[in-house]
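Here's a quick briefing for anyone meeting this structure for the first time. Have a look at the model, then read on.

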Amino acid sequence: MRNPYEILDVAPTASAADIQKAYRKLAKKLHPDLNPGDRTAEEKFKEVAGAYDLLSDAEKRKRFDNGEIDATGAERPQHHYYRDFATSDEGHHYANSSGFADYMDTDDAFAELLRRGQRARANRRGPDLHYTVPIDFVESIKGADKRLTLPDGSSLDVKIPPGLVDGQVIRLKGKGAPGAGKGGPGDALIEVEVLPDRRFTRDGDDISIELPVSLTEAVLGGKIRVPTPTGDVQLAVPKGSNTGTTLRLRGKGAPRRGGGQGDQFVKLKVVLPKSLDPELEAFVSNWEKGKEFNPRADRTS
């Protein structure tokens with residue numbers, strides 16, 4: 001720490017009134033409440049507060065002038081500054097507004113600022129608390145009621161609205177940490193983690209699923225059961241369908257923000273039996289038109 005007289009820009013022979021005047025001038029300029037977010041000003045204010053803390057105490061000033069203690073104080077391992085005592089057991093003249101009591105009896109803007117700051121700290125709103133809740137893919141589409149167990153053993157009921165996406169945050173008003181004085185509690189911020197589903201994928205408000213069909217269903221067509229987030233439905237497979245044929249189920253996707261639902265797309269995949277049927281093998285062997293068909297003919301080499 002620099003020489004406290006240099007920090008306050010006063011001579012070593014300055015009177016107590018001159019030191020107080022110099023400090024007040026700098027405090028008005030550098031006070032954190034007047035420079036929100038300015039880390040440089042905050043650090044300078046801490047330095048100024050530390051210098052004034054030493055020089056405003058007649059005994060400390062005398063010991064410093066006599067070389068018995070340095071600018072940080074002799075018996076302390078380090079000098080603490082304004083606002084650094086929020087988690088310390090030691091007291092400090094400027095750890096809260098009480099250190100400014102001699103300035104708060106006046107009517108100027110600086111005194112009013114200090115008074116307002118004191119009232120705000122005495123009635124501070126509680127901090128928000130952050131949690132994560134995992135949900136299934138289907139729950140992200142349909143919505144769900146979840147119970148979140150908190151670190152202290154209590155629980156929090158969370159209503160998951162339909163259509164949420166991974167990473168979206170739900171705010172529960174007044175479910176955060178308690179405030180001070182008349183300050184109300186903070187909020188609980190619940191981040192939703194949508195777990196992957198082996199069946200469904202999502203693209204915006206639409207969802208997709210790949211569904212296997214038999215050769216008979218692909219060639220002759222027919223009705224098959226298709227899973228959706230809200231339950232199974234029947235879907236008509238057209239004759240002559242192929243692997244990659246995509247069918248649409250209207251209104252079976254995720255809820256849209258402006259109302260309505262997205263769609264579900266069903267991509268077909270033709271699957272043969274694991275054990276080849278001799279009758280099918282014989283048919284294909286004698287199927288001349290099948291031998292003439294080249295599915296790669298329209299592909300460039």
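Let's start at one spot: Thr228 touches Phe200, Val233, Leu249, Lys252 and Gln264, leaving aside residues up to four places away in sequence. A contact here means heavy atoms within 4.5 Å. Keep in mind that this is a predicted model, where local features need pLDDT of at least 70 and side-chain atom pairs count only at pLDDT 80 or more, while totals for chains, interfaces and linings use all residues. Residues are numbered from 1 along each chain as its sequence is written, and side-chain values use heavy atoms, with hydrogens and water left out.

**Around Thr228**
- You'll find Thr228 in the loop between β8 (222–226) and β9 (233–237).
- Thr228 has a relative accessible area of 6%, so it counts as buried (under 20% relative accessible area, with a 1.4 Å probe and protein chains only).
- A polar atom of the Thr228 side chain sits 2.4 Å from the backbone oxygen of Gly231.

**The whole chain**
- The protein chain has 9 helices and 11 strands, taken as DSSP runs (H or I, at least four residues, for helices; E, at least two, for strands) and numbered from the N terminus.
- Of its 301 residues, 34% are buried.
- Take the contacts between residues at least 6 apart in sequence: 50% of them join residues at least 24 apart.

- The mean pLDDT (the predictor's confidence in each residue, from 0 to 100) is 83 for the protein chain, and 82% of its residues reach 70 or more.
- Over residues 75–99 the pLDDT is below 50, though this stretch has 48 contacts in the model beyond near neighbours in sequence.

Definitions and conventions
Buried means under 20% relative accessible area, exposed over 50%, partly exposed in between (1.4 Å probe, protein chains only). A polar contact is a pair of N or O atoms within 3.5 Å; within protein, one must be able to donate a hydrogen and the other to accept it, and residues adjacent in sequence count only if both atoms are side-chain atoms.
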